[in-house]
Amino acid sequence: MTENLEIEFKNMLTKQEYEKLLHTFRIDEKQIFTQENHYFDTPEFALKNIESALRIRRKKDQFEMTLKQPASIGLLETNQQINEDEAAEAIQFGRLPSGKIKNILEEKGISFTAIQYFGSLVTKRVEMKYEIGLLVLDHSLYLNKEDYELEYEVKDYQTGKDAFIKLLQDNRIPERKTMNKIRRFYQEKYVQSSSK
């Protein structure tokens, strides 16, 4: 189990901007890997309502459950390694594994048994060192939708922000208000359920 502070900047991209950045950074297909995020909340969105999120991420054959909570700067991430059977139990039956994350949620008055599986988002990702942080290009597919995103993970907020803004300006990419993946997922799920 690990905890870390996540400071990251995000910007949605058009397909053309995404492809241009792949070209600019000389990325080839072999550098792109796939990861799958599985999202959980209560039917009343108890986690979303406290600006938190719960996911299980599959990356190759590794599974990690992550709780994201607001912090004064960025997000506090609590990560818990789980095995394939525990991930399958959570996704298929809504039975999440015990541990630190369960304890944190129950301290917040959120019953672990009330949490349900909402769906998955698949991301084709490439990561590279850039200036003082980690630059990430994502192509995500979820609920019959796809989008493109640039993320920049750093340790220092102001220096990271300056480098990120300069990168956008140098590549003539406008700053766009960008929701995180789980919010985009839930927004699309709401849109689809409302149109039925």
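Seven bridges connect strands β3 and β4, which run antiparallel to each other. This pairing belongs to a predicted model, in which eight strands close into a barrel in the order β1-β5-β4-β3-β2-β6-β7-β8, with antiparallel pairing. On average, neighbouring strands of this sheet are turned by 35° against each other, direction ignored.

- The hairpin formed by β3 and β4 has two residues between the strands, and Lys60 in its turn shows a positive phi of about 60°.
- Strand β4 also pairs with β5, in the antiparallel sense and over eight bridges.

**Pairing of β1 with β8**

- Strand β1, residues 2-13, is joined by seven bridges to strand β8, residues 145-154.
- These two strands run antiparallel, and Glu8 has Glu153 in β8 as its bridge partner.

**Helix across the sheet**

- Helix α4, spanning residues 100-107, lies across β1, β3 (53-59), β4 (62-70) and β5 (75-82).
- The helix α4 runs at about 25° to β4.

**Largest pocket**

- The volume of the largest pocket is about 1,300 Å³.
- Its lining comprises 50 residues, of which Glu6, Glu8, Lys10, Lys68 and Leu75 are the closest to the pocket centre.
- Strand β1 supplies the largest share of this lining, with seven residues.
- Sorted by class, the lining of the largest pocket contains 18 nonpolar, eleven polar and 21 charged residues.

**Second largest pocket**

- The second largest pocket holds about 200 Å³ of space.
- The residues lining the second largest pocket are Phe45, Lys48, Phe118, Met179, Arg183, Tyr186, Gln187, Lys189 and Tyr190.
- Helix α6, residues 181-194, gives the most to this lining, contributing five residues.
- By class, five residues lining the second largest pocket are nonpolar, one is polar and three are charged.

**Aromatic pairs**

- Across the whole structure, 13 aromatic pairs are found.
- One of them joins Phe9 and Tyr157, with ring centres 5.2 Å apart and planes at 50°, so this pair is classed as tilted.
- Because Phe9 lies in strand β1 and Tyr157 in helix α5 (residues 157-170), the pair ties together parts that are 148 residues apart in sequence.
- In general, the distance of the centres and the angle of the planes describe a pair of aromatic rings.

How values were computed
Residues numbered from 1 in each chain as written. Predicted model: local features only at pLDDT ≥ 70, side-chain atom pairs only at ≥ 80, totals over all residues. Heavy atoms only, no water. Pairing = 2+ DSSP bridges. Helix = DSSP H or I, 4+ residues; strand = E, 2+ residues; numbered from the N terminus. Axes fitted to C-alpha atoms, helices over the stretch in contact; angles between N-to-C directions. Contact = heavy atoms within 4.5 Å. 1 Å grid on protein atoms, 1.4 Å probe; cavity = no way out; pocket = protein on both sides within 12 Å on 5 of 7 lines; lining within 4 Å. Points joined across faces, edges and corners; volume = space filled by probe spheres on them. Nonpolar A, V, L, I, M, F, W, Y, C, P; charged D, E, K, R; others polar. Phe/Tyr/Trp six-rings, centres within 6.5 Å; stacked < 30°, edge-to-face > 60°.
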